[in-house]
Amino acid sequence: MEHTFTNFLSALRGAEIRVSVAETLDAMKTAALMGWSDRQGLHDALAMALAKTPDEKAGFTRIFDEFFAFESFHDRREARILDESRQSEDGDLLAMLRADDRAGLVLAMQEAAIEVGVENIRFFTQRGLYTQRVLQQMGVEGVDSQIQAMGGQGGSAGQALRESRAWLFEQVRNYVEHQLSLQGAATSRELREDRLRRSRLGNLDRRDREQMRRIVEKICRRLVTLHSRRRKMKNRGQLDIRRTMRRNYGHDGVLFELEWKKRKLDRPRVMAICDVSGSVASVARFLLQFLYELHELLRDIRSFAFSGHLIEVSEYFKENIADMAAEKVMQKVGYMPTDYGESFTNFYENFLADIDRNTTIIILGDARSNNTNPKAGYLKQMHERCKRLIWLNPEPPPLWGTGDSEMRRYRPYCDLLHECNTLNHLERVVNDLLETAQKAA
């Protein structure tokens, strides 16, 4: 049962239920104390040891019921009793099929599955392979030889054996598919997530948006864990002589307590200016979701959207989920011909004074201004006032500056210029923003 329990924990992790090493040890002790005869009691005890949130408790129950669907406690106990009672008998697969020993066959199937490592199945293309391996481990060749030898002369006994063999195949195939749904879930999810992370955001189907939203949340949780540090570093670096002397005045100058110089890790201020016309709008939606999910690490986030003219949309994203906020933004400034010059003029006249040397400006757009005046001078003044100006262009570099793209005119005023049209691109940009802030602190 230790092997079964290990596979059960693997299935839980595949369902994104976090199980630490310490929790694994606690759960194994719990299972040893509870035993395996009381299914509901074992479920409740393990749920208390392993599930930490309401969502995880619901997921735990689902995995528990699915994992032990073939692990009928009554059938396993009955199978062991039968197995012990016929230790002196033949007990091979052919004998069990002829005796219609269903409990014994289930136990033999589970033991054969352990021997061939069916818990390692990850892809649906492996179903047939593992089904045959389990059957071979059980000794199905002897049954097939007997059926072939009997030919059509076996009468009712031969027909019964063929039916039992077909039943066994169905049970093994179902068992393997069941293991795939448990053990292969994580791999299937990872493959799907990897595909979505590498897909161009402008080409995604609306049905993928909910999955993409969850992926962004997962990425942001990882970034928060990676970059969250105490804002003040204590007991590091140089000794602060003045503060140490003041702190120890009461000790007649004896330095019992030391004070170290502290350095503050400042959170960057961000202004995100997003083109929301055409396919660029999809990238803007996820960029803004990234930024607002990382509010713990970013001191101040202000967002602006434009196509024909520019408005501030910060409150939309603070008060609504990303999809709802994006719809409101599109109703305000979307679906209009893009005019970068006019939009930069709007920003210059209304928000330029809000930029300081701690501000990072992120501009997301393809720089295609429909042959209107690009007014690059306004971008130059924004660059001169801010800490960094990052331009994210969803088009591939060979297209920058072609046709009505004004990217070559804007490029001299960009500290960083990146192609950005996938979640992987967005993650790298945001990670770079956070790393730069920490290095500069």
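# Pockets, cavities and secondary structure in a predicted model

By class, the lining of the largest pocket is made up of 13 charged, 4 polar and 3 nonpolar residues. The structure is a predicted model.

**The largest pocket**

- The largest pocket holds about 800 Å³ of space.
- Its lining has 20 residues. Those that lie nearest the centre of the pocket are Ala15, Glu16, Arg214, Lys218 and Arg221.
- Four helices each supply at least two residues of this lining: α1 (2-14), α4 (54-67), α11 (185-198) and α12 (209-227).
- Helix α12 gives the most to the lining of the largest pocket, with 6 residues.

**The second largest cavity**

- The model has 5 cavities of 30 Å³ or more.
- The second largest cavity has a volume of about 80 Å³.
- The elements that give two or more residues to the lining of this cavity are α14 (280-293) and α16 (322-333).
- Helix α14 provides the largest share of the lining, 4 residues.
- The residues that line the second largest cavity are Val276, Ala281, Ala284, Arg285, Leu288, Ala305, Phe317, Ala326, Val329 and Met330.
- By class, this lining has 9 nonpolar residues, 1 charged residue and no polar ones.

**Strand β2 and its partners**

- Strand β1 (residues 269-275) runs parallel to β2, and 7 bridges join the two. In this pairing, Ala272 stands opposite Ser303 of β2.
- Strand β3 (residues 310-312) pairs with β2 in the antiparallel sense, over 3 bridges. Here Ala305 stands opposite Ile311 of β3.
- A hairpin is formed by β2 and β3, with 3 residues between them.

**Helix α2**

- Helix α2 (residues 21-34) has 14 residues, which at 1.5 Å a residue should span 20 Å; the C-alpha atoms at its ends are 20 Å apart, which agrees.
- Glu23, Thr24, Ala27, Thr30 and Ala31 are the buried residues of α2. These residues cover an arc of only 125° around the axis, which puts them on the same side of α2.
- An α-helix has 3.6 residues a turn, so residues three or four places apart point the same way.
- Val21, Leu25, Lys29, Ala32 and Leu33 are exposed on the other side of α2.
- Just after α2 comes Gly35, with a positive phi of about 80°.

**Helix α8**

- Helix α8 (residues 127-138) has 12 residues; at 1.5 Å a residue they should span 16 Å, and the end C-alpha atoms are 17 Å apart, which agrees.
- The buried residues of α8 are Tyr130, Thr131, Val134, Leu135 and Met138. Seen down the axis of α8, they fall within an arc of 135°, so they line one face of the helix.

- Asp100 is not a glycine, yet its phi is positive, near 50°. Asp100 sits in the loop between α6 (93-98) and α7 (102-116).
- The relative accessibility of Asp100 is 41%, so Asp100 counts as partly exposed.
- Ala367 is another residue other than glycine with a positive phi, of about 65°. Ala367 is placed in the loop between β4 (359-364) and α18.
- The relative accessibility of Ala367 is 0%, so Ala367 counts as buried.

**Leu379 in helix α18**

- Leu379 belongs to helix α18 (residues 376-385).
- With a relative accessible area of 0%, Leu379 is buried; the cut-off for that class is under 20%.
- Leu379 and Tyr413 are 34 residues apart in sequence, and their C-alpha atoms are 6.8 Å apart in space.

How values were computed
Residues are numbered from 1 along each chain as its sequence is written. This is a predicted model: local features need pLDDT of at least 70, side-chain atom pairs count only at pLDDT 80 or more; totals for chains, interfaces and linings use all residues. Side-chain values use heavy atoms; hydrogens and water are left out. On a 1 Å grid over the protein atoms alone, a cavity is a set of points where a 1.4 Å probe fits but cannot get out, and a pocket is an open set with protein on both sides within 12 Å along at least five of seven lines; lining residues have an atom within 4 Å of a point. Grid points are joined across faces, edges and corners, and a volume is the space filled by probe spheres set on the points. Ala, Val, Leu, Ile, Met, Phe, Trp, Tyr, Cys and Pro count as nonpolar, Asp, Glu, Lys and Arg as charged, and the others, Gly among them, as polar. Two strands pair if DSSP finds at least two bridges between them. The expected span of a helix is 1.5 Å times one less than its number of residues. Buried means under 20% relative accessible area, exposed over 50%, partly exposed in between (1.4 Å probe, protein chains only). The arc is that of the directions from the helix axis to the C-beta atoms.
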